[in-house]
Amino acid sequence: MDIAANLTRIRAQIDSACRSCGRSPDEVRLIAISKVKPAAMISAAFAAGQERFGESYVQEFRDKAEAVPEPVEWHFVGHLQSNKAKYLRGRVAMIHSVDRLSLAKEIDRQWRRIDEVANVLVQVNIGEEASKSGTGEDQLETLVEQLAALNHVNVCGLMTLPPWCDDPEDVRPYFRRLRQLAEQIDRRDFPGVAMAELSMGMSHDFTVAIEEGATLVRVGTAIFGERPR
Ligand SMILES: *Cc1c(COP(=O)(O)O)cnc(C)c1O
């Protein structure tokens with residue numbers, strides 16, 4: 001597994017996707033999703049210039065945050081139980097997976113204790129899949145409005161994990177929909193809410209996501225190799 005070569009290739013793909021749709025590559029940040037992979041791989045990626053990493057499981061995040069000596073920027077992208085939010089407190093740059101008020105209230109409570117503000121994204125279940133977390137489209141605006149009232153939670157945008165499609169082109173409508181939802185919310189002018197970030201796109205569809213406006217792409221397999229099933 002040549003992590004440095006993979007990162008070089010992916011950065012080139014990000015650049016060319018940006019160029020093809022007239023965006024600046026500065027608008028897109030790559031998050032290396034390192035779940036299930038050892039801490040040494042994170043260090044190797046960091047040595048190759050990758051600073052942002054995403055984890056999906058709280059216990060694994062805690063172990064790796066201990067084990068990785070480099071000053072990496074952590075993102076949490078997995079399903080989060082409210083009673084585990086405290087383990088992320090002050091240690092992650094962003095939580096991508098806030099999908100209910102009860103969780104946001106607990107994050108608010110925890111970050112208040114350190115007098116900081118948690119940056120969060122609202123996860124939307126665009127495909128309305130029973131197997132996936134995320135708020136439904138119909139509850140989204142109400143949830144964002146409720147989150148806007150929490151002083152220690154800063155809503156930065158939306159995230160989605162669309163249905164799996166073999167052809168990345170088939171995912172495009174879901175990415176486009178997420179962007180439309182963000183634009184709709186921006187028009188509501190909820191106090192303190194600006195939909196600056198769209199976290200969408202994974203290993204096999206991140207170039208399509210960039211064409212549809214992604215600002216954060218979450219890439220695991222294409223950097224670190226296949227995960228065991
Ligand atoms: C695992 C994971 C990814 C990375 O998926 P790849 O297909 O390996 O790039 C991205 N986002 C979330 C939320 C994940 O859980």
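The second largest pocket holds about 180 Å³ of space, where a pocket is an open set of points on a 1 Å grid over the protein atoms alone at which a 1.4 Å probe fits, with protein on both sides within 12 Å along at least five of seven lines, and a volume is the space filled by probe spheres set on the points. The model is predicted, with local features needing pLDDT of at least 70 and side-chain atom pairs pLDDT 80 or more, whereas totals for chains, interfaces and linings use all residues. Residues are numbered from 1 along each chain as its sequence is written, and side-chain values use heavy atoms, without hydrogens and water.

Lining residues have an atom within 4 Å of a point; for the second largest pocket they include Arg11, Asp15, Arg29, Glu51 and Arg52. Helix H1 (3-20) and strand E1 (29-33) each supply at least two residues of this lining, with H1 giving the largest share, three residues (helices, H or I, at least four residues, and strands, E, at least two, are DSSP runs). By class, this lining comprises four nonpolar, two polar and five charged residues.

The largest pocket contains about 1,000 Å³ of space, and of its 29 lining residues, Lys35, Leu161, Met202, Arg227 and Arg229 are the closest to its centre. Its lining divides into twelve nonpolar, ten polar and seven charged residues.

Alanine 85, in the loop between strand E3 (73-76) and strand E4 (94-98), is buried (under 20% relative accessible area, 1.4 Å probe, protein chains only), with a value of 0%. Beyond residues up to four places away in sequence, alanine 85 touches Leu80, Glu106, Ile107, Gln110 and Trp111 (heavy atoms within 4.5 Å).

Note on methods. Buried < 20%, exposed > 50% of the residue type's maximum accessible area, 1.4 Å probe, protein only. Nonpolar A, V, L, I, M, F, W, Y, C, P; charged D, E, K, R; others polar.
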